[in-house]
Amino acid sequence: MEKYICAIIISFYIYGFAGWIWESFLMPIIGHYKIKNRGFLNGPIIPIYGVGAVIVFLLFSANESYLSIFIEGGFVACVIEYITSWGMETLYHRRWWDYSDRAFNVNGRVCLEGFIAFGIFSIACVKYVQPYLFNKLLKYELIPLVIVATASSTIFIGDLLTTIIALAHLDERLDEIIELIEEYNEKMRLDMEERQKDFSELLETIRQENGIHYQKYIQHTGYSDRHIFNAFPNIIDNQHRDKVKDNEENK
């Protein structure tokens, strides 16, 4: 039983790492956009993939049909993503990701595209990957499994706590970044269209064209803050655009 639990814990980290590779490298390559760490944590893991995979392979059997696993796995994964999105927005009062521009989305939190991808991943996990992974992991003695599971969990918990501590000052940091962007906009006398660029585009422009403002950005944010803003620019974009509109209306 102990070996089985350790194998599940290790599987969680393997799938979390695989999800990080998918989000940070493969999707940008397929979509022809910038490669970057798109995880919530600083390290190379996206926990929602690990949670989804573990729940799917615990709930479903490899003996089930492909169609059954596809539909049920896609549904379960979307429920997890929806709850995660709602929970993070409730906790931090920010929408971390938004699928409102995607087809057949539900409140911008999940969409058909994600359902299909999760369904395919569920089939791969239940039918092929997990049986092979468990077969390999359970061949090891208990002690090595405990060491790997414990070491991985220690690193993961440390990363999680570091991120949570950084997010405790999220509102303060966001206000400072919005003020910095507005200061840059006023100094450069940008037009309305330029002012409403995505945060990632604006930050890159600031980095290339105005070293002073970019240094101020570095000074006002720690590594964890910059990582969060880079991975989830949507939490700044909405507030930034609202600020731009308010300023234009008040002129």
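User: How much space lies in the second largest pocket?

Analyst: This is a predicted model, and in it about 220 Å³ of space lies in the second largest pocket.

User: What makes a residue part of the lining of the second largest pocket, and which residues line it?

Analyst: A lining residue has an atom within 4 Å of a point of the pocket. The residues that line the second largest pocket are Tyr13, Ile14, Phe17, Leu41, Gly43, Pro44, Ile45, Ser152, Ile155, Phe156 and Asp159. Helix 1 and helix 5 each supply at least two residues of this lining, and the largest share, 4 residues, comes from helix 5.

User: How do the residues of that lining divide into nonpolar, polar and charged?

Analyst: The lining of the second largest pocket holds 8 nonpolar residues, 2 polar ones and 1 charged one.

User: How do you know that the span of helix 5 agrees with its number of residues?

Analyst: Helix 5, residues 142-167, has 26 residues, and at 1.5 Å a residue these should span 38 Å; the end C-alpha atoms are 37 Å apart, and therefore the two values agree.

User: Which residue follows helix 3, and what is its phi?

Analyst: Histidine 93 follows helix 3, and its phi is positive, near 60°.

User: Why is glutamate 23 called buried?

Analyst: The relative accessible area of glutamate 23 is 17%, and buried means under 20%, so glutamate 23 is classed as buried. Glutamate 23 is found in helix 1, which runs over residues 2-31. Leaving aside residues up to four places away in sequence, glutamate 23 touches Pro28, Arg38, Ile46 and Tyr49.

User: Why is phenylalanine 104 called exposed?

Analyst: Phenylalanine 104 has a relative accessible area of 66%, and exposed means over 50%, so phenylalanine 104 belongs in the exposed class. Its place is in the loop between helix 3 and helix 4, the latter being residues 112-137, and its phi is near 55°, a positive value in a residue other than glycine.

User: How do you know that asparagine 107 is exposed, and where does it lie?

Analyst: The relative accessibility of asparagine 107 is 51%, and since the cut-off for exposed is over 50%, asparagine 107 counts as exposed. Asparagine 107 lies in the loop between helix 3 and helix 4, and although it is not a glycine, its phi is positive, at about 55°.

User: For the chain as a whole, how many helices and strands are there, and what percentage of the residues is buried?

Analyst: The chain has 11 helices and 0 strands, and buried residues make up 42% of its 251 residues. Its accessible surface comes to about 14100 Å², of which 63% belongs to carbon and sulfur atoms.

Methods:
Residues are numbered from 1 along each chain as its sequence is written. This is a predicted model: local features need pLDDT of at least 70, side-chain atom pairs count only at pLDDT 80 or more; totals for chains, interfaces and linings use all residues. Side-chain values use heavy atoms; hydrogens and water are left out. Buried means under 20% relative accessible area, exposed over 50%, partly exposed in between (1.4 Å probe, protein chains only). Accessible areas come from the Shrake-Rupley method with a 1.4 Å probe; for residues, only the protein chains shown count as cover. Contact means heavy atoms within 4.5 Å. On a 1 Å grid over the protein atoms alone, a cavity is a set of points where a 1.4 Å probe fits but cannot get out, and a pocket is an open set with protein on both sides within 12 Å along at least five of seven lines; lining residues have an atom within 4 Å of a point. Grid points are joined across faces, edges and corners, and a volume is the space filled by probe spheres set on the points. Ala, Val, Leu, Ile, Met, Phe, Trp, Tyr, Cys and Pro count as nonpolar, Asp, Glu, Lys and Arg as charged, and the others, Gly among them, as polar. The expected span of a helix is 1.5 Å times one less than its number of residues.
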